[in-house]
Amino acid sequence: MNMLQLQSLKLYWSYNVGVKKPPENLVIEQVLKYGDTEAVVALFKIIDIHKIEKIWHATMQNDARFKRQNYFLKTFFLTQNSTQLASPTRFDKLKKLAAKY
């Protein structure tokens with residue numbers, strides 16, 4: 001699967017892309033959110049993982065609607081550096097607060 005095939009998937013139902021091809025950032029976001037496993041694997045083969053992580057962090061990471069998808073992506077595709085991008089958990093905040101006293 002190549003970029004043109006990813007762009008031709010029916011993942012852009014909420015956008016009026018018309019005759020123009022969708023921008024790369026939109027393709028990445030929509031494939032991560034709504035693409036099947038084959039499309040996600042193809043995306044990671046085509047595009048640099050750091051760019052994918054950046055878009056994932058900006059659009060999906062803290063969105064509760066995609067909790068399962070985020071877990072799947074972090075477990076199988078994204079690097080260990082993506083955990084550093086994660087917002088701190090309640091436990092992390094408590095540890096930081098306890099360290100002050």
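Visitor: How many helices and strands are there in the protein?

Guide: Helices (H or I, at least four residues) and strands (E, at least two) are DSSP runs, numbered from the N terminus. By that reading the protein has 7 helices and 0 strands, and from the N terminus on its elements run α-α-α-α-α-α-α. This is a predicted model, in which local features need pLDDT of at least 70 and side-chain atom pairs count only at pLDDT 80 or more, while totals for chains, interfaces and linings use all residues. Residues are numbered from 1 along each chain as its sequence is written, and side-chain values use heavy atoms, with hydrogens and water left out.

Visitor: What share of the residues of the protein count as buried?

Guide: Buried means under 20% relative accessible area, exposed means over 50%, and partly exposed lies in between, with a 1.4 Å probe and protein chains only. Of the 101 residues of the protein, 34% count as buried.

Visitor: How are two packed helices described?

Guide: Two packed helices are described by the angle between their axes and the distance between the axes. Axes are lines fitted to C-alpha atoms, for helices over the stretch in contact, and angles run from 0 to 180 degrees between N-to-C directions. Here, helix α2 (residues 24-34) and helix α4 (residues 49-59) have axes that come within 10 Å and cross at roughly 70 degrees. Angles under 35 degrees count as roughly parallel, over 145 as roughly antiparallel, 65 to 115 as roughly perpendicular and the rest as oblique, and α2 and α4 are therefore roughly perpendicular to each other.

Visitor: Which residues of α2 and α4 meet?

Guide: Contact means heavy atoms within 4.5 Å. On the α2 side the residues are Glu-24, Asn-25, Ile-28, Glu-29, Leu-32 and Lys-33, and they meet Lys-51, Ile-52, Ile-55, Trp-56 and Thr-59 in α4. By class, this contact of α2 with α4 has 5 nonpolar, 2 polar and 4 charged residues, where Ala, Val, Leu, Ile, Met, Phe, Trp, Tyr, Cys and Pro count as nonpolar, Asp, Glu, Lys and Arg as charged, and the others, Gly among them, as polar.

Visitor: Is Lys-33 buried or exposed?

Guide: Lys-33, which lies in helix α2, counts as buried at 15% relative accessibility. Not counting residues up to four places away in sequence, Lys-33 touches Thr-59, Met-60, Phe-66 and Gln-69. Thr-59, placed in helix α4, is partly exposed, with a relative accessible area of 27%. Leaving aside neighbours within four places in sequence, Thr-59 is in contact with Glu-29 and Lys-33. The C-alpha atoms of Thr-59 and Lys-33 are separated by 9.6 Å, although the two residues are 26 apart along the chain.

Visitor: Which residues have the most contacts inside the largest nonpolar core?

Guide: A nonpolar core is a set of buried Ala, Val, Leu, Ile, Met, Phe, Trp, Tyr and Cys residues joined through side-chain atoms within 4.5 Å. The largest one has 17 residues, and those with the most contacts inside it are Ile-28, Leu-32, Leu-43, Phe-44, Ile-52 and Leu-73. At least two residues of this core come from each of α2, α3 (37-46) and α4. Leu-43, found in helix α3, is buried with a relative accessible area of 0%, and its C-alpha atom is 7.6 Å from that of Val-31, 12 residues apart in sequence. Leu-73 touches Leu-32, Val-40, Phe-44, Trp-56, Met-60 and Leu-78, not counting residues up to four places away in sequence.

Visitor: How many aromatic pairs does a search of the whole structure find?

Guide: Rings of Phe, Tyr and Trp (its six-membered ring) pair if their centres lie within 6.5 Å, and planes under 30 degrees apart count as stacked, over 60 as edge-to-face and the rest as tilted. The search finds 4 aromatic pairs. In one of them, the rings of Phe-72 and Phe-76 have centres 5.4 Å apart and planes at 55 degrees, so the pair is tilted. Phe-72 is partly exposed at 24% relative accessible area, whereas Phe-76 is exposed at 58%. The rings of Phe-72 and Phe-77 have centres 5.5 Å apart and planes at 70 degrees, so that pair is edge-to-face. Phe-77 counts as buried, at 18% relative accessibility. Ring pairs link Phe-44, Phe-72, Phe-76 and Phe-77 into a cluster.
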